[in-house]
Amino acid sequence: MSSLQEIIKNRRTIKPERYTGEIIPDQVVWEILKSANWAPTHGFTEPWRFVVYSGSSKTELLLLLNTVDEKHNGFNEVRNEKRRAMMASASHIIAIGLKRGDNPKIPELEELLSVGMAVQNMWLTTHDLGYGGYWSTGSLGYSAELRDFIGLAEPDSALGFFYLGVPIAGLPEGRRLSSIQEKVTWR
């Protein structure tokens, strides 16, 4: 199997609770982001946008998310603490955004798919470099407040966060619920 196939096969979601808390060098984060920039894109719209939070800027992000969560769902100390712990263990948190292109012939769905491919490139690179990655979404990750906070506006979208960290030793076992043959019709 080629190196790329091995990377794809062995890539795993590593959640922040499995991070050591160690800091990844910023230059490594730049390499991960550079790989995102090579995702396929229709009409060269390159719709992916990223905002990197590290160090004290993670506190600003945490404050925003806690405020938005309280506004929409009421105060909840358990959720706030879980969010705080995730951010504390992550080296960097990358907010993911979709910046719509100007060409009306390119549907939003195609741009959304391009952002997903950019994140997959980041994930594969993260794994190949020996680090852990986790794409977190949910109502806060898709909120208009987050979209505005990361410098986007209508009709753009926030699409969650990519957490980066140094993983605790040992990757989870990969599994699929069914084989590829059960998902393909060949005619």
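The largest share of the lining of the second largest pocket, three residues, comes from α1. This is a predicted model, in which local features need pLDDT of at least 70 and side-chain atom pairs count only at pLDDT 80 or more, while totals for chains, interfaces and linings use all residues. Residues are numbered from 1 along each chain as its sequence is written, and side-chain values use heavy atoms, with hydrogens and water left out.

A pocket here is an open set of points on a 1 Å grid over the protein atoms alone, where a 1.4 Å probe fits and protein lies on both sides within 12 Å along at least five of seven lines; lining residues have an atom within 4 Å of a point. Helices (H or I, at least four residues) and strands (E, at least two) are DSSP runs, numbered from the N terminus.

The second largest pocket has a volume of about 280 Å³, a volume being the space filled by probe spheres set on the points, which are joined across faces, edges and corners. Of its 13 lining residues, Lys9, Arg11, Arg12, Gly174 and Arg176 are the closest to its centre. At least two residues of this lining are supplied by each of α1 (3-10) and α5 (108-128). By class, the lining divides into three nonpolar, four polar and six charged residues; Ala, Val, Leu, Ile, Met, Phe, Trp, Tyr, Cys and Pro count as nonpolar, Asp, Glu, Lys and Arg as charged, and the others, Gly among them, as polar.

The largest pocket has a volume of about 360 Å³. Its lining comprises 18 residues, and Lys82, Arg83, Met86, Ser136 and Thr137 lie nearest its centre. α3 (57-73), α4 (77-89), β3 (132-136) and β4 (157-165) each contribute at least two residues to this lining, with α4 giving the most, four residues. The lining of the largest pocket holds six nonpolar, six polar and six charged residues.

Most residues other than glycine have a negative phi, and most peptide bonds are trans. The peptide bond from Glu154 to Pro155, however, is cis, with omega near 5°, and Pro155 is placed in the loop between α6 (144-149) and β4.

The loop between α2 (26-36) and β1 (48-53) contains Phe44, a residue with a positive phi of about 55° although it is not a glycine. Phe44 counts as exposed because its relative accessibility is 69%, where buried means under 20% relative accessible area, exposed over 50% and partly exposed in between (1.4 Å probe, protein chains only). Glu46 is also found in the loop between α2 and β1, and its phi is positive, near 40°. At 34% relative accessibility, Glu46 is therefore partly exposed.
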